[in-house]
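Give the cut-offs as the terms come up.

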Amino acid sequence: MAQKQELLKASLQQHCRQEADTAALAKFLAATLWHYLVQSPQKHLNISLEGDLGAGKTTFARYLIQAMGYEGKVKSPTYTLCEPYQIELKQQEITIHHFDLYRMRDPLEWQEAGFEEHFDIPGICLIEWPEKAEGTLPAFDLQIQLTAGADENERFININALSQSGASILKEGASK
């Protein structure tokens with residue numbers, strides 16, 4: 001019970017009035033993730049990106065992946081379901097797998113495509129539209145909820161820990 005209460009306390013809320021604020025929050029999270037993975041190089045993290053169409057999930061993912069050190073173009077995986085990005089963390093290479101399940105017609109489609117193996121290797125799986133998989137995905141460490149505001153670039157972003165790893169990441173970020 002105490003462990004569950006501890007997880008509930010590990011969250012971060014941010015009102016981003018413009019895209020630069022969203023980018024700054026993604027960069028902050030990326031620095032914390034980077035540090036966590038350098039300290040625990042064999043770890044794997046699952047992160048859900050949740051929100052309505054147009055809430056900014058792909059934009060947030062793009063800023064996060066680039067802030068983790070990827071220098072190329074970050075494209076939306078809407079039609080491919082998954083885009084992999086190789087990142088070097090202090091002489092160790094990890095992969096960030098960015099999934100977009102919006103176009104899935106069947107909850108098991110991601111498994112049938114052979115993506116299940118990506119959830120067992122060191123690195124990160126970022127999953128947009130996880131609800132399309134209807135509970136077939138592994139447990140998440142972090143949940144990022146994005147809600148569009150009144151202005152085109154305004155966002156309300158909540159980051160919640162869903163595991164001990166997620167809580168460690170958010171607590172480390174809070175101490176900076």
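**From fold to loop**

Along the sequence, the protein runs through the pattern α-β-α-β-α-β-β-α-β-β-β-α. That amounts to five helices and seven strands, where helices (H or I, at least four residues) and strands (E, at least two) are DSSP runs numbered from the N terminus. The model is predicted: local features need pLDDT of at least 70 and side-chain atom pairs count only at pLDDT 80 or more, while totals for chains, interfaces and linings use all residues. Residues are numbered from 1 along each chain as its sequence is written, and side-chain values use heavy atoms, with hydrogens and water left out.

Overall dimensions come next. The C-alpha trace spans about 40 × 40 × 40 Å along its principal axes. Of the contacts (heavy atoms within 4.5 Å) between residues at least 6 apart in sequence, 66% join residues at least 24 apart.

Of the 176 residues, 48% are buried. Buried means under 20% relative accessible area, exposed over 50%, and partly exposed in between, with a 1.4 Å probe and protein chains only. A nonpolar core is a set of buried Ala, Val, Leu, Ile, Met, Phe, Trp, Tyr and Cys residues joined through side-chain atoms within 4.5 Å. The largest such core has 35 residues, and L29, L33, F60, I124, L126 and I144 have the most contacts inside it. Helix α2 (residues 19–39) supplies the largest share of this core, seven residues. Setting aside neighbours within four places in sequence, L33 contacts L45, I47, L64, M68, I124, L142 and I169. Apart from this core lies another, of 14 residues, including M104, F115, L137 and F140.

What lies outside the cores? The protein exposes about 9100 Å², with 47% supplied by carbon and sulfur atoms; the areas come from the Shrake-Rupley method with a 1.4 Å probe.

G54 sits between β2 (44–50) and α3 (57–67). G54 counts as exposed because its relative accessible area is 58%. Not counting residues up to four places away in sequence, G54 touches A148 and R155. E134 is 80 residues from G54 along the chain, and their C-alpha atoms are separated by 21 Å.
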